[in-house]
Structures are given as C-alpha cells and as structure tokens.
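Me: I would like to go through this model and ask what each label rests on. Please set the value against the cut-off each time.

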Amino acid sequence: MPPVKPMLARAVTRIPPGMHYEAKWDGYRALVFRDGGELEIGSRSTNTLTRYFPELVAALLDRLPPRCVVDGEIVVATGGRLDFDALQARVHPAASRVRMLARTTPAGFVAFDLLALDNTSLLDAPLRERRELLVAALRDSRDPVFTAPATTDAAVAEQWFSQYEGAGLDGVMAKDLDLPYRPDQRLMLKIKHERTADCVVAGVRPHKSGPVVGSLLLGLYDSAGRLQHVGACASFPMRRRAELMAELAPLRVGGDEDHPWSGWRNEDAHAEQRLPGTPSRWSGTKDMSWLPLRPERVCEVAYDHMQGDRFRHTARFRHWRPDRTPQSCTYAQLEEPVGYDLAEVLGVGGGG
C-alpha cells in the first residue's frame, strides 16, 4: 500500500561491467499502485501525481495486471525526444488545464521494476526475477505504457549512453541482477553525461543560513548579444561560501547601476529574455531574490545536459577562468548531441 519510496541510485563516472543496464529517463519517477479499479500514482517524495495524468490512469488501468505495484518514469515527448519542460507544465492546479494538457501533450509511462504482483510482495526477490515477471506482465502492453529496454551487454550500454542523449535521455542505469528492492536506499548506479562550459557569473543568491553564497547565477550570451540566465552552480562547503561572498563583494551592483538582468522583477521582461528570480508554482513562497554582480568574472562549470536554452540541473563549479572574457561565453561553445528518435529507444513505430 502507498506510500512507498522508490529505490535510489548513486552517481559513478563509468559504466561498470557485469551488470543489468537500462537507459536513464528524464522524467518524473513514479510508483504505480493498482488494485482492481483503483489506481494511485505516487511521486519520488510519495506525493500523489494521479490527478495530473488522467490519460495515464486510463492507460495503466487497461494495461497493467489487476493487482500490482510498478516502478517507472512518467515522460512527455515532443518532436521525437523527451521534453521535461512540457512534463513540468502538466502539473497544474486547474482541472480544466489538466484535461486540456492531457490531450495536447499526453504523457507516457516507462516501467522498469515490479514491486508486487497479485498478492505477492517482490521486494526481497532479486532483480533478475522481478525483471522476468515485469516483462511477462507487460508483454501485451502498448503506447503509452512501455517496458524499459534493458541489456546485460556493457558494450550495448556504452552505445546507448552515446546515442540516446539525442532523444533527451541523460545517461545509463546499472543494477546488480541479484539486488533486492530496497526503498529509499541508494543501491543502484547512475552514469550521467558531463560536459563543461565557461559561463559569466552575473549574480549571487544568498544561502538560507545567512549572508554567504548559496549559489552563483550563470549567464551565456546569445547571438543577439543578450546575456541569458542559464542556471546556477552551488554545493560549496560553508567556509568557501563565506570566502566567495567576500571575493565577489567588489562586483556588487548598486541600485542605480545598469545590469543585463535589471528587469527581472518585471514579468513582461521574462518573455523576452531568460532572467533569474521568476516566481512560479514550483517556487511557491520561496524567496527568489538575488544580488546582481557586474558581469566581469568567468568560471568553468560542469553540467550534464541542456534543456532548451538552460542547464537541466544545477551545474558544478570547477574553477575561475581569468583567461576568458565574458563576451566570449556564448552558446556556441556548447556541444549538441546528435539527434535520435525516441521511438527507436522504445522500439515502437512512428513517433510514439
């Protein structure tokens, strides 16, 4: 019975040999609980997602065994690749908009583990057994409910790692075939793409604990010469947070000084340029204020992949780049993955 937390993964830098491999999906992790005509979709944090995906509820009731618990990922695809922004838009408070989005940007569910079947808990069963039961249970399933492709060939996993990024996936998962299912424990491995970029540091968001750096706000210049906010880098030791605040203090911009992101409080300005501090239903009452800096410092950051024109996840600070000018930090430096059709990943015809 819900709530159940999913089993988690820890990051490693290389694909290890001798394991079970799957693609790493860029969506919402979800546990699906079905008991006859009842169905509940729980998030990674055990919140309910059921009301936001009515089309998935109908499909899962039609395609899952009558009594089961399935672990997987909710995804949305546009243009033959995963689209996380479109997926985020699906979580909306208005019921009318939920119904409209279910028609215009329908979601899919990629199943990759089975926690229970009929009246039997499979938490203590090894992955090899759970996988066999999952494949059998979903053998007649079809779009939009899929079984995640899997292999035990490390060479195939390496190929997936390089190819599937073009379809919007962000790496490979590696799992021990003898592994039981352990909720909320980091027993799986994830291997994600990592690249570097030189970015302009144009602002600081203070840490919640006090007047030290919480994150550095990063920018890249577009082809029109506008500095676009592309994300942030964080995860500094507390001592380093204080040092950074002092180090960047001379670059603080006063109220009357010009700044490329000075219009961030104006809602209309966000429609023309990517700016930090946009309030949304995701931020709620969170303080989104930040301290502007003169855009004169450049740092190198590591990132996994882009979502449109921004970093998909928080970047990781590497070091300062005093040899680079801010104006040289453009989108042109970013590596674009070769396109790959999501339908090929899922083994379906057309654009499903």
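Reply: The model is predicted. A place to begin is the salt bridge between the side chains of D71 and R29, with N and O 2.7 Å apart.

Me: Why is the contact of D71 and R29 called a salt bridge?

Reply: The rule asks for a side-chain nitrogen of Lys or Arg within 4 Å of a carboxyl oxygen of Asp or Glu. R29 supplies the nitrogen, D71 supplies the oxygen, and the distance is 2.7 Å, so the pair qualifies. D71 sits in strand β5 (residues 67-78) and R29 in strand β3 (residues 28-35), 42 residues apart, and the pair links these distant parts of the chain. By this rule the model has 24 salt bridges.

Me: What makes D71 and R29 count as buried?

Reply: Buried means under 20% relative accessible area. D71 has 1% relative accessibility and therefore counts as buried. R29 has 16%, which is also under 20%, so R29 counts as buried too.

Me: How do you know that β3 is mostly covered?

Reply: In β3, 7 of its 8 residues are buried.

Me: What makes β3 and β5 a strand pair?

Reply: A pair needs at least two bridges found by DSSP. There are 8 bridges between β3 and β5, so they pair, and they run antiparallel.

Me: Which other strand is joined to β3, and by how many bridges?

Reply: Strand β4 (residues 38-43) is joined to β3 by 6 bridges, and the two run antiparallel. V32 has I41 in β4 as its bridge partner. The hairpin of β3 and β4 has 2 residues between the strands, and G36 in this hairpin takes a positive phi near 65 degrees.

Me: Why does the contact of R321 and D198 count as a salt bridge?

Reply: The side chains of R321 and D198 come to 3.1 Å, N to O, which is within 4 Å, so the contact counts. R321 is in the loop between β19 (315-320) and α7 (342-346), while D198 is in strand β13 (residues 195-207), and the two are 123 residues apart. Both R321 and D198 are buried.

Me: What makes R321 and E300 a salt bridge as well?

Reply: The closest N and O atoms of R321 and E300 are 3.6 Å apart, still within 4 Å, so this pair meets the rule too. E300 is in strand β16 (residues 291-303) and R321 in the loop between β19 and α7, so the pair ties together parts 21 residues apart in sequence. E300 is buried, as is R321. Through shared partners, salt bridges join D198, E300, R321, D323 and R324 into one network.

Me: Which residues have the most contacts inside the largest nonpolar core?

Reply: They are L216, L218, C233, V301, F311 and W320, in a core of 37 residues. The elements giving two or more residues to this core are β13, β14 (210-221), β15 (227-234), α6 (238-248), β16 and β19. Another core, of 32 residues, lies apart from the largest one and includes L39, Y52, F84 and V98.

Me: How do you know that the buried residues of α5 are on the same side?

Reply: The buried residues of helix α5 (residues 154-163) are A157, W160 and F161. They cover an arc of only 100 degrees around the axis, which puts them on the same side of α5. These buried residues pack against β2 (20-23), β10 (150-151), β11 (171-175) and β12 (186-192). The face turned away from the buried side carries the exposed residues A155 and S162.

Me: What makes D153 a cap of α5?

Reply: A side-chain oxygen of D153 lies 2.9 Å from the backbone nitrogen of A155, at the N-terminal end of α5.

Me: Why is R130 called buried?

Reply: R130, in helix α4 (residues 127-137), has 1% relative accessibility; the cut-off is under 20%, so R130 is buried.

Me: Why do R130 and D113 count as a polar contact?

Reply: The distance between their side chains is 2.7 Å, and the limit for N or O atoms is 3.5 Å, so the contact counts. Setting aside residues up to four places away in sequence, R130 touches D113 and others, including M7, L114 and Y181.

Technical notes
Residues numbered from 1 in each chain as written. Predicted model: local features only at pLDDT ≥ 70, side-chain atom pairs only at ≥ 80, totals over all residues. Heavy atoms only, no water. Helix = DSSP H or I, 4+ residues; strand = E, 2+ residues; numbered from the N terminus. Buried < 20%, exposed > 50% of the residue type's maximum accessible area, 1.4 Å probe, protein only. Core = buried A, V, L, I, M, F, W, Y, C linked by side-chain atoms within 4.5 Å. Arc of directions from axis to C-beta. Contact = heavy atoms within 4.5 Å. Polar contact = N/O pair within 3.5 Å; in protein donor to acceptor, adjacent residues only side chain to side chain.
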